[in-house]
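Here is a short briefing on one protein model. Please look over the sequence and the structure first, then read on.

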Amino acid sequence: VAIAADGNVLVAGKYGGETIFGEQHLTSALGTPSGSVAFLAKLDRSGDTIWSTSYALDENSWIRGLVPLADGGAIAIGSTAGGTEAVLQRYSPTGERTSTLPVSVDNQPVALAIAPDGDLVVTGVWVTSSNGAVTGGGPSIEKMGLDGTLRFSRRFTSTGPGPNSFESVVVGADGHIFVAGSVGGSSGFAPERRARCWLFRF
């Protein structure tokens with residue numbers, strides 16, 4: 001959920017089969033109620049639907065993070081392929097997808113924030129696998145411009161059960177990035193310490 005520049009409300013997530021926003025019906029083009037389809041909708045202050053849209057790249061697509069833009073549009077980040085492929089998309093003020101921005105191929109996004117300089121900060125978890133089994137991974141953070149230009153990318157390795165992730169992110173007015181998440185066992189950012197929950201500042 002996010003408040004748009006015009007004061008209306010943006011909501012995003014996933015649904016299976018069919019969902020209804022006011023008089024607008026969204027139906028999965030996949031024809032399967034067992035999968036999930038990503039949706040984005042804009043509601044007015046009374047809760048009435050202004051517009052709604054959805055997309056399905058495979059049988060498991062959803063939106064995990066959402067930030068409004070000053071022009072009235074929004075940036076949404078989510079996953080396809082059962083959560084193994086990241087999708088970062090920009091939407092216009094009327095709900096059309098205008099562009100798709102690059103995200104590291106082995107990153108699974110969890111949270112999204114916009115910095116005072118207009119850049120995006122994406123957090124989540126990176127994962128490597130072999131023959132269907134997870135072989136490595138840990139928390140990840142990336143910062144990029146609205147055109148997809150990468151500012152920095154950092155990954156940390158966790159040796160505990162997982163993989164573990166940075167699950168929420170906010171950016172302060174001074175540009176410092178605060179992330180919170182869970183890490184079991186030792187980690188690449190503090191190998192001498194063990195904890196379940198962390199709060200970091202970048």
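Lys42 counts as buried, at 4% relative accessibility. Buried means under 20% relative accessible area, exposed means over 50%, and partly exposed lies in between (1.4 Å probe, protein chains only). This is a predicted model, in which local features need pLDDT of at least 70, side-chain atom pairs count only at pLDDT 80 or more, and totals for chains, interfaces and linings use all residues. Residues are numbered from 1 along each chain as its sequence is written, and side-chain values use heavy atoms, with hydrogens and water left out.

**Salt bridges**

- A search of the whole structure finds 5 salt bridges; each is a side-chain nitrogen of Lys or Arg within 4 Å of a carboxyl oxygen of Asp or Glu.
- Lys42 pairs with Asp6, and their closest N and O atoms are 2.8 Å apart.
- Lys42 lies in strand β5 (residues 37–43) and Asp6 in the loop between β1 (2–3) and β2 (9–15), so this pair ties together parts 36 residues apart in sequence. Strands (E, at least two residues) are DSSP runs, numbered from the N terminus.
- Asp6 is partly exposed, at 38% relative accessibility.

- Asp117 forms a salt bridge with Lys143, with the closest N and O atoms 3.0 Å apart.
- Asp117 sits in the loop between β11 and β12 (120–130) and Lys143 in strand β13 (residues 133–144), so the pair ties together parts 26 residues apart in sequence.
- Lys143 also forms a salt bridge with Asp119, where the closest N and O atoms are 4.0 Å apart.
- Both Lys143 and Asp119 are buried.
- Through shared partners, salt bridges join Asp117, Asp119, Lys143 and Arg151 into one network.

**Nonpolar cores**

- The largest nonpolar core has 13 residues, and Val121, Ile141, Phe166, Val169, Val171, Ile177 and Val179 touch the most other members. Such a core is a set of buried Ala, Val, Leu, Ile, Met, Phe, Trp, Tyr and Cys residues joined through side-chain atoms within 4.5 Å.
- Two or more residues come from each of β11 (107–114), β15 (165–171), β16 and β17 (197–201).
- β15 gives the most to this core, with 3 residues.
- Apart from it lies another core of 11 residues, including Ile63, Leu66, Ala76 and Tyr91.

**Surface**

- Phe178 is in strand β16 (residues 177–182).
- Phe178 is partly exposed, with a relative accessible area of 33%.

Note on methods: Helix = DSSP H or I, 4+ residues; strand = E, 2+ residues; numbered from the N terminus.
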